[in-house]
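Here's a walk through one model, a piece at a time. Keep the structure open beside you as you read.

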Amino acid sequence: MSVWRIQGGYPLEGTMTIQGAKNAVLPVLAATVLTGCETELTNVPALRDVEASLNILRWLGCQVQRQGDVVRVDSRNAGRSDIPAALMREMRSSVIFLGAVLGRFGAASLSLPGGCELGPRPIDLHLAAMERLGARVECEDGEIRAAAPVLRGAVIGLPLPSVGATENAMIAACAAKGTTVITGAAREPEIVELQGFLRAMGADMDGAGTGTITVRGFEPRQRVGWRVMPDRIAAATVLCACACAGGDVELRGADPAHFVCVTDTLAAMGAEMTVKSRRVRIRCREELTGGQTIITRPYPGFPTDAQPLMMAASLKAAGRTVFVENIFSGRYRQAEQLRRLGADIRVAGRMASVTGVQTLRGARLRAEDLRGGASLIIAALGAEGESAVIDTAGHVERGYDGLDAALAALGAHIDRSEN
Ligand code: UD1
């Protein structure tokens, strides 16, 4: 359990460098097992989900070394195709190993993490994609078994642009004989990143970033080097923190093209934004104003992961800000906790409406999921007095590398302890 003690009311000032992207590195790590090769990844963030992925790779028989932000994976001697429940449970997105393990060994057996964090997270599209490639898939009592002596290229039509299903399909298609065309694909920057990495591994493919991805073949390479892209949601987190607490912050090493929706929304609320190719500066000297309607959609729409962050940024913005959450049904869990600070939030189904209040007051808060937990930290930075954000399950560490130290370096009065 970790406890974040935050003395709010101090503006954030200074410069910070953005960490490598969680949602980019996880599928890349899974893909390293697709062939027997040596991979060196740099800019790998120190996250619980990354550790969980490395433990899965070790279990599968890969040699894994980590030194600072460099991770080396040697998958030449990988030899197992099962992943036990204890390792799968550590990370909700561990299903991303399905395509890689099936592609390498012709079989995969993994269990699914139970429970739900953001509402139901079905994996039907992942399984259907494997079936389209010729795998026999059984799913019973939380166990998935997939087998395919040979995977064959196919047309995989996704009825909705699932990020994880697109990634699983891309990885498995690299191991298939013949051409695969994925239609209705997700277009997130992390998909473009995965395509870049798979190409570096030897894939002949294109289309990532559009709705149609074509995988033509694969000539495995023995050594692969890759630098992980910057984390657009970590960038959004710090921008929203500055919007809530006030101040003047410059983000370096970010790719602002990946979070235009977030910078545009903050600008519309009255934050002064300066956007350059690898830098973003936010200045919040005046009170922000609400009035925006923020609708989450697949990329390039407003990211669902930034919705709780933007909600925290809007708590003191004058007027009403409306949120419509289209991706995950259970994504307003932060609202009840934010109300303890004095926030005025009404939730009705997919919609939430925030009416700005002049003052938030410190309180004891409970982090219930990763981005929801980050939203409580943001709000506490903008609240008067002390808050304690209790994170019993360590949700925030799943996705942020040194967020407490980075915020403290910007002048936040923040202290995180492990109990
Ligand atoms: C990824 C991100 C997560 C982000 C989400 C949406 C990672 C590790 N996680 O999650 O941070 O919030 O994209 O941008 O990259 N769905 C189905 N059937 C499926 C798969 C998904 O119905 O087989 C539905 C989901 O319930 C959800 C929607 O599709 O409503 C989008 O989910 P998806 O894009 O798959 O999210 P993840 O890949 O799990």
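**A hairpin, a helix and a helix pair**

Let's begin with Val347, which sits opposite Ala352 of S21. The two strands around this spot, S20 (residues 344–348) and S21 (residues 351–355), run antiparallel and are joined by five bridges; strands count as paired when DSSP finds at least two bridges between them. Together S20 and S21 make a hairpin with two residues between them, and Gly349 in the turn has a positive phi of about 60°.

A quick word on the ground rules: this is a predicted model, where local features need pLDDT of at least 70 and side-chain atom pairs pLDDT 80 or more, while totals for chains, interfaces and linings use all residues. Residues are numbered from 1 along each chain as its sequence is written, and side-chain values use heavy atoms, leaving out hydrogens and water. Helices (H or I, at least four residues) and strands (E, at least two) are DSSP runs, numbered from the N terminus.

Now for helix H1 (residues 22–31): nine of its 10 residues are buried, so H1 is largely enclosed by the rest of the structure. Buried here means under 20% relative accessible area, with a 1.4 Å probe and protein chains only. Among the buried residues are Lys22, Val25, Leu26 and Pro27.

Finally, look at H10 (residues 307–314) and H12 (residues 370–381), which pack at an angle of about 20° with their axes 8 Å apart. That makes H10 roughly parallel to H12, a label for angles under 35 degrees. On the H10 side, the contact (heavy atoms within 4.5 Å) is made by Pro308, Leu309 and Ala312; H12 brings residues including Arg371, Gly372 and Ile378.

How values were computed: Axes are lines fitted to C-alpha atoms, for helices over the stretch in contact, and angles run from 0 to 180 degrees between N-to-C directions. Angles under 35 degrees count as roughly parallel, over 145 as roughly antiparallel, 65 to 115 as roughly perpendicular and the rest as oblique. Buried means under 20% relative accessible area, exposed over 50%, partly exposed in between (1.4 Å probe, protein chains only).
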